[in-house]
Amino acid sequence: MPPLKLTLVVAVALVDQDNRILLAQRPEGKQLAGLWEFPGGKVEPGERPEETLIRELHEELGITVKEPCLAPLTFASHAYENFHLLMPLYVCRRWDGFVQPREGQALKWVKPQELRSYPMPPADEPLIPFLLDLLA
């Protein structure tokens, strides 16, 4: 069996003033459509994870995030059928602008204890206990 290609994806738990976390639903036509995930995206060549988050959050949600507002929390390492995903998870409590869906995705602000009620990709689910510990 050949080794799986390693894919680096970065995600963020945006936390509002009410301690709710933003989830985005993967739109129809994308892999894992309908599942809820933490916003973020694939790290492009030559890009640092923080730069990726700043870019993706602006493209996907219309908000501006400054690098010092991104705090690393944990990571997920998950083998999918065709690739292995490594996904650092950051926490962000400060941004400029108003969160709005810019790529046809549904958005939902969720209390930490409600996270398990939303079907998520397998790589996202192990991140929930870290967020529960942080925000409890």
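Q: Two strands pair if DSSP finds at least two bridges between them; in which sense do strand E1 and E4 pair?
A: This is a predicted model, in which local features need pLDDT of at least 70 and side-chain atom pairs count only at pLDDT 80 or more, while totals for chains, interfaces and linings use all residues. Residues are numbered from 1 along each chain as its sequence is written, and side-chain values use heavy atoms, with hydrogens and water left out. Helices (H or I, at least four residues) and strands (E, at least two) are DSSP runs, numbered from the N terminus. Ala11 stands opposite Gly40 in E4, and the three bridges between strand E1 (residues 5–14) and E4 are antiparallel.

Q: Which strands are the edge strands of the open sheet?
A: Four strands form this open sheet with mixed pairing, in the order E4-E1-E6-E5. An edge strand here pairs on one side only, which applies to strand E4 (40–42) and strand E5 (70–79).

Q: What does the twist average from one strand of this sheet to the next?
A: The open sheet runs in the order E4-E1-E6-E5. Axes are lines fitted to C-alpha atoms, for helices over the stretch in contact, and angles run from 0 to 180 degrees between N-to-C directions. From one strand to the next, the twist averages 20°.

Q: Which residue of E3 stands opposite Ala24?
A: E2 is joined to E7 by five antiparallel bridges, where Ala24 stands opposite Leu107. E2 is also joined to E3, by two antiparallel bridges. There the residue opposite Ala24 is Glu37.

Q: How many of the five residues of E2 are buried?
A: Buried means under 20% relative accessible area, exposed means over 50%, and partly exposed lies in between (1.4 Å probe, protein chains only). E2 is largely enclosed by the rest of the structure, because the number of its five residues that are buried is four.

Q: How many residues apart in sequence are the parts that Glu37 and Arg26 tie together?
A: The side chains of Glu37 and Arg26 meet in a salt bridge (a side-chain nitrogen of Lys or Arg within 4 Å of a carboxyl oxygen of Asp or Glu), with N to O at 3.1 Å. Arg26 is buried, its relative accessible area being 19%. Glu37 lies in strand E3 and Arg26 in the loop between strand E2 (21–25) and E3, so in sequence the two parts are apart by 11 residues.

Q: Which residues do salt bridges that share partners join into one network?
A: Arg55 forms a salt bridge with Glu59, the closest N and O atoms being 3.5 Å apart. Both residues lie in helix H1 (residues 49–61), four residues apart, about one turn of the helix. Arg55 is partly exposed at 23% relative accessibility, and Glu59 is partly exposed at 37%. The network made by shared partners consists of Glu47, Arg55, Glu56 and Glu59.

Q: How many salt bridges does a search of the whole structure find?
A: One of them links the side chains of Arg48 and Glu51, at 3.8 Å from N to O. Arg48 is partly exposed at 36% relative accessibility, and Glu51 is partly exposed at 33%. For the whole structure, the number of salt bridges found is nine.

Q: Is the pair of Trp36 and Tyr118 stacked or edge-to-face?
A: Rings of Phe, Tyr and Trp (its six-membered ring) pair if their centres lie within 6.5 Å; planes under 30 degrees apart count as stacked, over 60 as edge-to-face and the rest as tilted. A search of the whole structure finds three such aromatic pairs. For Trp36 and Tyr118 the ring centres are 5.5 Å apart and the planes lie at 75°, so the pair is edge-to-face.

Q: Are Trp36 and Tyr118 buried or exposed?
A: Trp36 lies in strand E3 (residues 36–37) and Tyr118 in the loop between strand E7 (106–110) and helix H2 (128–135), so the pair ties together parts that are 82 residues apart in sequence. Both residues are buried.

Q: Is the pair of Trp95 and Trp109 stacked or edge-to-face?
A: Trp95 lies in the loop between strand E6 (83–92) and E7, and Trp109 in strand E7. Trp109 is partly exposed at 25% relative accessibility. The ring centres are 6.1 Å apart and the planes lie at 10°, so the pair is stacked.

Q: How many disulfides does a search of the whole structure find?
A: A disulfide is a pair of cysteine sulfur atoms within 2.5 Å. The sulfur of Cys92 is 5.7 Å from its closest cysteine sulfur, in Cys69, which is too far for a bond. Cys69 is partly exposed at 23% relative accessibility, whereas Cys92 is buried at 0%. Across the whole structure, the number of disulfides found is zero.

Conventions. Two strands pair if DSSP finds at least two bridges between them.
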